[in-house]
Amino acid sequence: MLSPQFYTLRHERLLIRFSYQAKKLAPSILENLLPPEGKYEYAVFREREGWVFIAYDHEEISRFLKERGVAIEKIGRLYFAQQAVDRFERPVRLDENEALASVQHTATVVPLSLLSEGVEYQGFSRDFRPSGGKTFGAGSRSIIDEKSTWILTTVFLLFALMFTVEGLRYRHVIRAMQGRVAVMLKDYPSLQSAYSRNNIARKYRKIDKEERHKREVLKGLSRLMLPGVELETLLLEKKHFSAELKCPDEKTIVRLLALAKERGYGHSRVGSEKHVKIEGKL
Amino acid sequence: MIWKHYRNELIVLASILLMLLALFYKGSAVGRLDRVDAEVKRSMMEIGEIIALKKQWGDTTLTKKIGSLRENLSPEKIKRFSVKGKKLYALLEGLSDREVNGIILKLENTAVQLTKLDVRRKGKSYRMEIRCKW
């Protein structure tokens, strides 16, 4: 907390509503009170019915801190004694000669000799710290001001939270899906390993394919049994099938051969009789 | 400590990093969900298919069902009908064309693996040899 030696102060009753408006006016209001060679920064705050305008020299304060061996990075914020003026109704002793006290509602460094002998001093504590201060060492060179920092951080953290919650929800869905498969596999322990599952599937798919084909062939042959056609032989083995059919006339033979050709079966006439041999691979 | 001068940027940067980390976490969860979803669907389909195929081609009641082949056949036509384990060997003689048709139809509708089906005409009747397993 800066004592009044480090800042220049002016009270003004202005009809200004917002501090950013007051901040714009600060240089012109304090212009006449400041030595021209300084490089000033400004702070404003509302007090009772008016505004308090403060100018301070950043470099002067830094120099002072350096002299006292305090690294400026260690100072996060600057507060002005005027901000806590109500606390100085009872003076705070600064050293053997001076005290900080409220004089006509202005925080002022007062020589002890001017204070009455029986005055009670109070100690300085964290309770003196007012709500708003000026960023100093830490973050002093930041392009982003503090307000924007907190807004941006809040937005990004909200997004982070949203993404995390979504991620957790997806993980939950994954666990539920895996649980469903586990429940199903519980009833069929032999199918638990993907390897054995593949083997079993391959075995049954092969059987299914071959047997369906055999049945299709049998159905196909039955469709060749045109009116008057008689079955002489039918042989169905693992890899091969053949059938010998006896036809009533030449017309039926031609039709039968055409049907067999349509189905992709091998066909031939047997001997001089009206016999036709149909064959194929399975 | 120079970084302290840029505290605000560092705070914002840290929150961006945290957000990116969360985004990466979500992205990896989505990717994993897609993979697991495809895997689960494939597994479920595979398991369902295996169960259905097993039920069809590995039906334990087939040993009983296969006996229906000799239904409505007079005993003298059945020369041999032996079921050993999960295999059938049947030799039938003197069958009419209608009986041959009926037996072939039953075989078609029974989930057995036909290893041999031999039908031969003998005069006006048929001789039939059936070998199958299940």
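The 13 residues of α5(A) should span 18 Å at 1.5 Å a residue, and the end C-alpha atoms are 18 Å apart, which agrees; the expected span is 1.5 Å times one less than the number of residues. Helices (H or I, at least four residues) and strands (E, at least two) are DSSP runs numbered from the N terminus. This is a predicted model, in which local features need pLDDT of at least 70 and side-chain atom pairs count only at pLDDT 80 or more, while totals for chains, interfaces and linings use all residues. Residues are numbered from 1 along each chain as its sequence is written, and chains are lettered from A and ligands numbered from 1 in the order in which they are written.

**Helix α5(A)**
- Ile253(A), Leu256(A) and Ala260(A) are the buried residues of α5(A) (buried: 20 or more other C-beta atoms within 10 Å of the residue's own; exposed: 12 or fewer; partly exposed: in between; C-beta atoms placed from the backbone).
- Seen down the axis of α5(A), these buried residues fall within an arc of 70 degrees, so they line one face of the helix; the arc is that of the directions from the helix axis to the C-beta atoms.
- The face turned away from the buried side carries the exposed residues Lys251(A), Val254(A), Ala258(A), Lys261(A) and Glu262(A).
- The cover over the buried residues of α5(A) includes β10, β11 (266-270) and β12 of chain A.
- Just after α5(A), Gly264(A) takes a positive phi of about 80 degrees.

**Nonpolar cores**
- The largest nonpolar core has 33 residues, of which Leu245(A), Leu256(A), Ile278(A), Val112(B) and Met128(B) touch the most other members (a core: buried Ala, Val, Leu, Ile, Met, Phe, Trp, Tyr and Cys residues joined through C-beta atoms within 7 Å).
- Its largest share, four residues, comes from β4(B).
- A second, separate core of 24 residues includes Met1(A), Ala55(A), Tyr56(A) and Phe136(A).

**Contact between the chains**
- Chain A gives 50 residues to the contact and chain B gives 45 (contact: C-beta atoms, placed from the backbone, within 7 Å).
- On the side of chain B that touches chain A, α1(B) gives the most, with 30 residues.
- β9(A) and β3(B) pair in the antiparallel sense over four bridges (pairing: at least two bridges found by DSSP).
- Within this pairing, Arg120(B) in β3(B) is the bridge partner of Thr233(A).

Notes
Contact = placed C-beta atoms within 7 Å.
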